[in-house]
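How are the strands and helices of this chain arranged? The report below takes the sheets and their helices in turn.

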Amino acid sequence: MQHILPVWRNLSNARKVIVVGSTLAVFLAILAVSRIVTQPRMSLLYAGLDATAAGEVIQSLQQKAILFDVQGTSILVPAESRDQVRLTLATEGLPASSGQGYELLDSLSGFGTTSQMFDAAYLRAKEGELARTIVSSTKIASARVHIASGSDNPFRRDLAPSASVHVTARSGSIDRAQAQAIRHLVASAVSGLAPDQVSLIE
């Protein structure tokens, strides 16, 4: 320290400003890197939800103290827990189904639409189409399908996809054969999804 003070006093004001500025820049760079390293990687949970559905999802995430980020019409959560969060929300009937299928893709423009946003919209569209097919049965009054695809999880490359189907029968309950048919229908529409990974909830 005794050797540094004389050197500091002999520096011109311009050089002192440069030294202080460089020190601050290094400190801020270290701080930024540490934040990037400690911050979890965020992954798209849902995109393109209407205001009501998005609000219900955000409210549920807040109640469960789940970390999330909102970017425009996209809701992001930590990548390692995204699929589990989707299934948890699905048990609550969230997000509320809009009843739309592949026409959801018509609203996506080429500008500002990332591949991740398109994949999320495509998944929702597929869920809508599957729900329509299930409801086309005369014995089913309503249906909602939720698919959790683990293919893009960077921490679990071996994570298999799963799905949950909420159905309401027109009268009574659906029988075992109908339940198995629904499981096979959903499994056949998703690559790598086995029928026993499709949960059926009445």
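## Sheets and packed helices

In this predicted model, helix H4 lies across S1 and S3 and runs at about 30 degrees to S1. Those strands belong to an open sheet of three strands in the order S1-S3-S2, with antiparallel pairing. Strand S1 (42-47) and strand S2 (69-71) are its edge strands, and each pairs on one side only. Direction ignored, neighbouring strands here are turned by 35 degrees against each other on average.

S1 and strand S3 (residues 74-78) run antiparallel and are joined by five bridges. Within S3, Ile75 is the bridge partner of Tyr46.

A further open sheet has three strands in the order S4-S5-S6, and its pairing is mixed. Strand S4 (140-148) and strand S6 (198-201) each have a single partner strand, so one side of each is left without a neighbour in the sheet. From one strand to the next, the twist averages 15 degrees.

Strand S5 (residues 162-169) and S6 run parallel, joined by four bridges. Val165 has Leu200 as its bridge partner in S6.

Helix H4 (residues 82-91) also packs on this sheet, touching S4 and S5. Helix H6 (residues 176-189) packs on the sheet too, touching S4, S5 and S6.

| Helix | Strand | Angle |
|---|---|---|
| H4 | S1 | about 30 degrees |
| H4 | S5 | about 10 degrees |
| H6 | S6 | about 135 degrees |

Terms used:
Residues are numbered from 1 along each chain as its sequence is written. This is a predicted model: local features need pLDDT of at least 70, side-chain atom pairs count only at pLDDT 80 or more; totals for chains, interfaces and linings use all residues. Side-chain values use heavy atoms; hydrogens and water are left out. Two strands pair if DSSP finds at least two bridges between them. Helices (H or I, at least four residues) and strands (E, at least two) are DSSP runs, numbered from the N terminus. Axes are lines fitted to C-alpha atoms, for helices over the stretch in contact, and angles run from 0 to 180 degrees between N-to-C directions. Contact means heavy atoms within 4.5 Å.
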